[in-house]
Amino acid sequence: MTSPILGVEEDGPLALLTLNRPDKLNALDFALLAELGALVAEFASRPAATRPRALIVTGSGDKAFAAGADIAAMSALTPEQARAFSEHGQRVGRALEEAPFPSIAAVNGFALGGGAELALACDFMLASDRARFGQPEAGLGLLPGFGGTQRLVRRVGIGRARELVYTGAVIDAARAKEIGLVNDVVPHAELLTKAKAIGRAVASKAPLSVAACKRLILRGSEVSLEAALELETLAFGAAFATRDAREGIDAFLAKRPPRFEGA
């Protein structure tokens, strides 16, 4: 399942996708985005019992997660083609958000422009101490096109988002954690080990419950509190119709580990 530009590994309940254009610092072009989006969709289409329970996205090499969209490839785009490229990138981000399993961005180096936006579409961001983040598009006469003006606000607040987008500043991993952009910073050599540990912690929980929580957090951020609480109540009731809920309750009462099947 490995292509020249996107590595794919499945290890039990975990899936690992590795952006693999090291000569371009893993820059995102149409082809890489297409493969990434197709794989996320394929994983999401599987039955709950066989799909990944957590997805990790990282970059090949030690320099970059994804240094941005491929500027050389963008240089010849017409306005109409540029809009299509933006839509293409946004579809990938939305696919990650809508997938029924959580995604973890293991940011191993530069995450700039589209690379930062790809990481923002993931549920968690874990950064190597070598990671760097930024939205430098305004310095090119452009602007974020893969969701950066929207997801960055939701992640760090409107004031910090304005500062990063308007100035194009590149910040290190420690600063990214300080402002809430990343969940945690770890030594570079420990990045994937830590990401997999988080993934396995998620995978040990009932997959339908995790999927419902992910859906509620996403939808709840887009509607009023009253509407979001109503969605939560409906989902809470629906959970009691699943076999996993019965298994989880029975296991708790019997003081044994649960065996969740995604049903």
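Where is the place of Asn-26? Asn-26 sits in the loop between strand 2 and helix 1. Before going further, please keep in mind that this is a predicted model. Asn-26 has a positive phi of about 60 degrees, although Asn-26 is not a glycine.

Leu-25 is found in the loop between strand 2 (14–19) and helix 1 (30–45). Leu-25 is not a glycine either, and its phi is positive too, at about 55 degrees. What about exposure? Asn-26 has a relative accessibility of 0%, so Asn-26 counts as buried. Leu-25, with a relative accessible area of 32%, is partly exposed.

Let us move on to helix 11, which covers residues 243–254. With 12 residues at 1.5 Å a residue, helix 11 should span 16 Å. The C-alpha atoms at its ends are 16 Å apart, which agrees with that expectation.

Which residues of helix 11 are buried? They are Asp-244, Glu-247 and Ala-251. Looking down the axis of helix 11, you would find these buried residues within an arc of 60 degrees, so they line one face of the helix. On the face turned away from the buried side, helix 11 carries the exposed residues Phe-252 and Leu-253. After helix 11 comes Lys-255, whose phi is positive, near 60 degrees.

What covers the buried residues of helix 11? The cover includes helix 9 (207–220). Helix 9 has 14 residues, and from its first C-alpha to its last it reaches 19 Å, close to the 20 Å expected at 1.5 Å a residue.

The buried residues of helix 9 are Pro-207, Val-210, Ala-211, Ala-212, Lys-214 and Leu-218. They pack against several elements: helix 3 (79–98), strand 5 (103–107), helix 8 (191–203) and helix 11.

## The nonpolar cores

In soluble globular proteins, nonpolar side chains tend to be buried together. In this model, the largest nonpolar core has 46 residues. Which of these residues touch the most other members? The answer is Phe-133 and Leu-181. Helix 1 gives the most to this core, with six residues.

Leaving aside residues up to four places away in sequence, the contacts of Phe-133 include Val-107, Ala-111, Leu-112, Met-125 and Ala-127. Phe-133 also touches Ala-169, Val-170, Ile-171, Ala-173, Ala-176, Leu-181 and Val-182. There is a second, separate core of eight residues as well, and among them are Leu-16, Ile-56, Leu-126 and Ala-195.

## The cysteines

How many disulfides does a search of the whole structure find? The search finds zero. For a disulfide, the sulfur atoms would have to be within 2.5 Å. Cys-213 is likewise in no disulfide.

Are these cysteines buried or exposed? Cys-122 has a relative accessibility of 3% and therefore counts as buried. Cys-213, at 45% relative accessibility, counts as partly exposed.

How values were computed. Residues numbered from 1 in each chain as written. Predicted model: local features only at pLDDT ≥ 70, side-chain atom pairs only at ≥ 80, totals over all residues. Heavy atoms only, no water. Helix = DSSP H or I, 4+ residues; strand = E, 2+ residues; numbered from the N terminus. Expected span 1.5 Å × (residues − 1). Buried < 20%, exposed > 50% of the residue type's maximum accessible area, 1.4 Å probe, protein only. Arc of directions from axis to C-beta. Contact = heavy atoms within 4.5 Å. Core = buried A, V, L, I, M, F, W, Y, C linked by side-chain atoms within 4.5 Å.
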